[in-house]
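I opened this notebook to keep track of what I looked up, step by step, in one structure.

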Amino acid sequence: MTADSNATSDNFVEIRNMTFKRDSRVIFNNISLNIERGKITAIMGPSGSGKTTLLRLITGQLKPNSGKILIEGVNINALNRSKLYILRRKMSMLFQSGALFTHLDVFENVAFPLREHTRLPEDMLRDIVLMKLEAVGLRGAKDLMASELSGGMARRVAMARALALDPKLMLYDEPFTGQDPITMGVLVKLIKQLNDALGLTSVIVSHDVQETASIADYVYVISGGNIIGEGTPQALFADKSPAVNQFIHGLPDGVVPFHYPAKNYAEELLC
Amino acid sequence: MLTYIQQLGRFGLTFSQRVGISGIFLFNTLVRKPRPRQSFPLLIEQLYSIGVLSLIIIMLSALFIGMVVSLQGYNTLQRFGAEQELGQLLALSVVRELAPVITALLFAGRAGTALTAEIGLMRATDQLDSMELMAVDPLWRIISPRFWAGLISMPVLTLIFDMVAIYGGYLVGVKWLGVDAGSFWSNMQSGVDFRIDVLNGIIKSVIFGFFITWIAVYQGYFTAPNAIGISRATTKTVVYASLATLALDFILTSVMLKGW
């Protein structure tokens, strides 16, 4: 694994001139962005703008058609399977669904990566799992099955599991979607606390503007395969460009039209 | 006409592509560095859910099939005064054909669908992706133990089918219809050859097990991650596995009867 000579040490992830297509549809058109080490970077954009796809590109599950994705200076797409797996131990992803293993209880879900990658004695493993569950406030739920958890609890358990191997990079895929205000507040606080206390680098993909902006250090807004805006949350709230303004302030109509493309309304009614 | 040829060509390409993908999938599942210490408990777990949990349906079906064959056989043999040959007829029908084929069809319906649905649901709920992101290869952790468990379970279930069906036939033939127990068993013993009949039946069951489990795990792993996708994949598993079993049975029987 050789580091790219142009990599800068301040950035954990660098995406350079990356283009990604699904069949003939362009999802990302020559985009470049940096994820700064130790910071919370938010990727925002309307539904279907390819935010989750971007996370899958960063983790090496998908390969770009052109351009480079560098993780700590290493081009992730040039790695073979075993080297990719070694690199993936530095990163963790929190899926929108939580993606907990339904045949295991909460304790075993968090213990899973430890059992797979370490040879820790059982009592030490137990202590680590309990510490991770304590960090997300769910030590008391350790014996529940994954199917018995609410959506918010499942995400917190998934967060504990994601932290089990002490990753350097945490990727959150829509962590706030479908959560009640209390759970949302808990998740916002947890993401911020964990990032600062553990010295992580975090990437949040979300379209929940207020919650994400409250903890993000830097925000990229993507739409139509391009980065349409970037900057600190304050800078984006002040941004007057129509596309960014519509998304950040949640305006129903604008550059992104309310209506799906269709034939003329009157013509269709009369025919 | 042109459209027809175009469709045929597209079908051919898609089919070849799928065969290729499933072949690579199987190769990647089977050819890997052995990790017996971690793999063994996973295999035992799967042997339980694939093999042991299929026992009830296999044994009940075997009992009824043995009883029906005995009943039908007795009625026919009686016309020629040959009811003493019932044991041989029953054993040959069961051991050569009925046990491997019916076990395979039941196995596809019970264990095959369960495998596809389970793996498909893991795909739909991102469990396989999350495993991969934890640097744990799902082919090793999820697919491989299920594949080997299916391959091991099928011949064992077939042997159990053999025994239960013969016992079912014995109950009807000897205990109910009054065939002499001595001639029932001795004719069976003299008429059944271990290598030609029993072993060939087991070989068939191993081959059926290989294809059924391969189809089931492949359909689950590559399912579209939604409710319709899982339902289609489960249906495909039953249809493809059943057709493969019946087609393979014809090929294997014709090869075996010619004395390979």
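Before I began, I wrote down that a salt bridge is a side-chain nitrogen of Lys or Arg within 4 Å of a carboxyl oxygen of Asp or Glu. I also noted that this is a predicted model.

**Entry 1, between the chains.** I looked up Arg88(A) and found that it forms a salt bridge with Glu132(B), where the closest N and O atoms are 3.8 Å apart. The count of salt bridges between chain A and chain B came to five. I then turned to contacts, and I saw that 22 residues of chain A touch 19 residues of chain B. The two chains bury about 1,900 Å² between them, and 54% of that area is on carbon and sulfur atoms.

I counted 10 helices and 10 strands in chain A. Its radius of gyration is 20 Å, close to the 18 Å that the globule rule gives for 271 residues, so I noted chain A as being as compact as a globular protein of that length. Of the 271 residues of chain A, 49% count as buried, while the chain exposes about 12,900 Å², of which carbon and sulfur atoms supply 53%.

Which residues make the nonpolar surface patch of about 500 Å²? I found Met1(B), Tyr4(B), Ile5(B) and Leu8(B) there. Ile5(B) counts as partly exposed because its relative accessibility is 47%, and partly exposed lies between under 20% for buried and over 50% for exposed.

Technical notes. Residues are numbered from 1 along each chain as its sequence is written. Chains are lettered from A and ligands numbered from 1 in the order in which they are written. This is a predicted model: local features need pLDDT of at least 70, side-chain atom pairs count only at pLDDT 80 or more; totals for chains, interfaces and linings use all residues. Side-chain values use heavy atoms; hydrogens and water are left out. Patches are made of residues with over 30% relative accessible area and no salt bridge: like charges are joined within 9 Å, nonpolar side chains (Val, Leu, Ile, Met, Phe, Trp, Tyr) within 5 Å. Accessible areas come from the Shrake-Rupley method with a 1.4 Å probe; for residues, only the protein chains shown count as cover. Buried means under 20% relative accessible area, exposed over 50%, partly exposed in between (1.4 Å probe, protein chains only). Helices (H or I, at least four residues) and strands (E, at least two) are DSSP runs, numbered from the N terminus. The radius of gyration is taken over C-alpha atoms; the globule rule is 2.2 Å times the number of residues to the power 0.38. Contact means heavy atoms within 4.5 Å. Buried area is the accessible area (1.4 Å probe) that two parts lose on being put together, summed over both.
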